[in-house]
Amino acid sequence: MYQWGDSRRFNSYSRFCKAHYGGRVQRLPIDAGFSCPNRTKRSEGGCSYCSNTAFTPSYLRENGNIITQLNRGKEFFKRRYPSNNGYFAYFQAFSNTFCSVNHLMTLCKKVMEVPEIQGIIISTRPDCLPDKILDLLSDLNKITNLCIEIGVESFHNDTLEHINRGHNVECSFKAFEMLRKRNILACAHLIFGLPYETPHIWMEDIKLLNKLNPDFVKFHQLQILKGTKIESEYEANHDSFHTFTIEEYVKFICDYIERLSPNIVIERFTAEVPQRFLSISHFGFTRHDALVKMIETELAFRNSYQGCKALY
Ligand code: SF4
């Protein structure tokens, strides 16, 4: 039994859900029709790797109505995971706090009325949390299970500038501080593989992640998607990208989580995008569940676990 309360070798999101909600809670992605300030307000047109189409399930693109989206999601996941212990409404597409307070509150109240919805997850940018929105989130946090997902992506300002993120590292730290002050759970989203970054740099960055101390973390390998600016950059200059085979990634992730604070719950280790959107695939097609098994096997082989070499 590890300090997070079960015998898995990392502090897993499934353990968190079991402890807090009695079992698996499936997130249901919603496309509420938001946009993103990094695409609309800046002439450069968004992050260089961005293709929201690839991350948005097709049933969402076909259905504007968020209640229809939730109900279709429930139907789908009920078949796949019949023993689900409820659902989270997951405002996933684009930046879901880039709107008026009233609009966001109306949408949240609507989804909370849907049967079996246990809570709300809102994905956004660290620079999209003005005080009015934070006050709304604080109110929401009192009436439902709320979590805010923040795209941190990198701990290096030169990388963030290079990929045209439109915010810096300090902004990410501020966002987590503001959410923590309001007792709102927050998840950090990070990408491994952005140009000019290396495994050595990511290992060093763990100190910053441990200092950020999010409640949850999601790790994604960089996926080079068709039609994105980063696809052209990759074609012109492979050498500035560190790419992983699946075996290298498993070893890297194990090294990484050995150094990660045991308090941080890990939600994901990879992103899964339908193959048709990928320009280049170094991984082949490996499902997240299969990757998690490989990581757990490697940790067992090493007889190690999350935080056994934690860096602070
Ligand atoms: S912040 Fe998100 S939605 Fe906006 S451009 Fe970047 S990746 Fe795309």
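The radius of gyration here is taken over C-alpha atoms, and the globule rule is 2.2 Å times the number of residues to the power 0.38. Residues are numbered from 1 along each chain as its sequence is written. The model is predicted, so local features need pLDDT of at least 70, side-chain atom pairs count only at pLDDT 80 or more, and totals for chains, interfaces and linings use all residues.

**Exercise 1.** Work out how the radius of gyration of the protein sits against the globule rule.

*Solution.* Start with the rule: for 312 residues, a compact globule would come out near 20 Å. Now take the protein's own value, 19 Å, which agrees. For the box, the C-alpha atoms fill roughly 50 × 45 × 40 Å along the principal axes.

**Exercise 2.** Decide whether alanine 310 is buried, partly exposed or exposed, and find its contacts.

*Solution.* Next, count: 17 other C-beta atoms lie within 10 Å. Buried needs 20 or more and exposed 12 or fewer, with partly exposed in between, and C-beta atoms are placed from the backbone. So alanine 310 is partly exposed. Last, skip neighbours within four places in sequence, and the contacts (C-beta atoms within 7 Å) are Asn210, Arg259, Leu260, Ser261 and Pro262.

**Exercise 3.** List which residues come nearest to the ligand.

*Solution.* Take the eleven residues around the ligand, using a C-beta cut-off of within 6 Å. Then pick out the nearest: Cys36, Asn38, Gly46, Cys47 and Cys50.

Methods: Contact = placed C-beta atoms within 7 Å.
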